[in-house]
Amino acid sequence: LRQLEEVVKVIKKAKIIDVYGTDNSANAAAELSGRMLHLGLTSRNYSDLFFQKVSAGHLGKMDVAIGFSISGETQAVIDSLAAAKQAGAVTVAVTGDQVSDLAQIADYIFITPTIHFSEISRWISSRISQMAFVDALCGAIMVSDPDRFDKMLIQSTKEFEQDMHRKDAESDRKHTRRTIRSIAPNGPFF
């Protein structure tokens, strides 16, 4: 729990938060990055493995890099986290194996255990444990400063609602124009 609190403090002060993951771990990485954006934190997530490593190399001492890999042996994530660490960023590993290569290079390690009975159930189980970590981390961030993060979530929700209302209005206008054209296709205004 103390480690989670430390990571929350580091994340709240971070200039940039990069989140890496490939294959099955890509979903949790993208989800965490998106939630951080909603909380008003500057977070980036790249699905392109080359961009992950390039981005990592441009991080600095005020930045955080978080790598997801259930095995802890996904080379692209290891390389990206290593590049981030070399650039001076604080590094966080989210893995199912505390002695993995990914865990060995991270400043903070969070274990997301996976119990599976077949290779198919491994994919499902790893997603569940990784998403539980995403929930726990985001919940800890929100609880650490409710006023700040409530404000950010309200703002994010308003922006989303404004976009939806704008799309609804545009859709209504297009529908109205189509209706008028179908009634009077050769009218003076068309």
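Okay, ground rules. It's a predicted model, so local features need pLDDT of at least 70 and side-chain atom pairs count only at pLDDT 80 or more, while totals for chains, interfaces and linings use all residues. Residues are numbered from 1 along each chain as its sequence is written, and side-chain values use heavy atoms, with hydrogens and water left out.

Let's start with the sheet. Five strands make an open sheet, in the order β2-β1-β3-β4-β5, with parallel pairing. Helices (H or I, at least four residues) and strands (E, at least two) are DSSP runs, numbered from the N terminus, and two strands pair if DSSP finds at least two bridges between them. Which strands stand at the edges? Those are β2 and β5; each has a single partner strand, so one side of each has no neighbour in the sheet. From one strand to the next, the twist averages 20°; axes here are lines fitted to C-alpha atoms, for helices over the stretch in contact, and angles run from 0 to 180 degrees between N-to-C directions.

Now zoom in on β1 and β3. They run parallel and are joined by five bridges. D18 has A65 as its bridge partner in β3. As for helices on the sheet, α1 packs there and touches β1, β3, β4 and β5, its direction making about 125° with that of β5. Then α4 lies across β1, β3 and β4, at about 165° to β3. Contact, by the way, means heavy atoms within 4.5 Å.

Next, the greasy bits. A nonpolar core is a set of buried Ala, Val, Leu, Ile, Met, Phe, Trp, Tyr and Cys residues joined through side-chain atoms within 4.5 Å. Buried is under 20% relative accessible area, exposed is over 50%, and partly exposed is in between (1.4 Å probe, protein chains only). The largest nonpolar core has 26 residues, and I11, I66, F68 and L137 have the most contacts inside it. Which element gives the most to this core? That's α6, with five residues. Leaving aside neighbours within four places in sequence, L137 is in contact with L4, V7, V8, I11, L32 and M36. There's also a second, separate core of 14 residues, with I16, A56, L102 and A106 among them.

Last topic, charges. The structure holds five salt bridges, meaning a side-chain nitrogen of Lys or Arg within 4 Å of a carboxyl oxygen of Asp or Glu. One of them is R44 with D18, closest N and O atoms 2.8 Å apart. R44 sits in strand β2 and D18 in strand β1, so this pair ties together parts 26 residues apart in sequence. Is D18 buried or exposed? Buried, at 0% relative accessibility, whereas R44 is partly exposed at 24%.

Then there's D135 with R35, at 2.5 Å, N to O. D135 lies in helix α6 and R35 in helix α2, so the pair bridges 100 residues of sequence. D135 is partly exposed at 42%, and R35 is partly exposed at 25%.

K85 is in helix α4, while D107 is in the loop between α5 and β5, 22 residues apart. K85 is partly exposed at 34%, and D107 is partly exposed at 39%.
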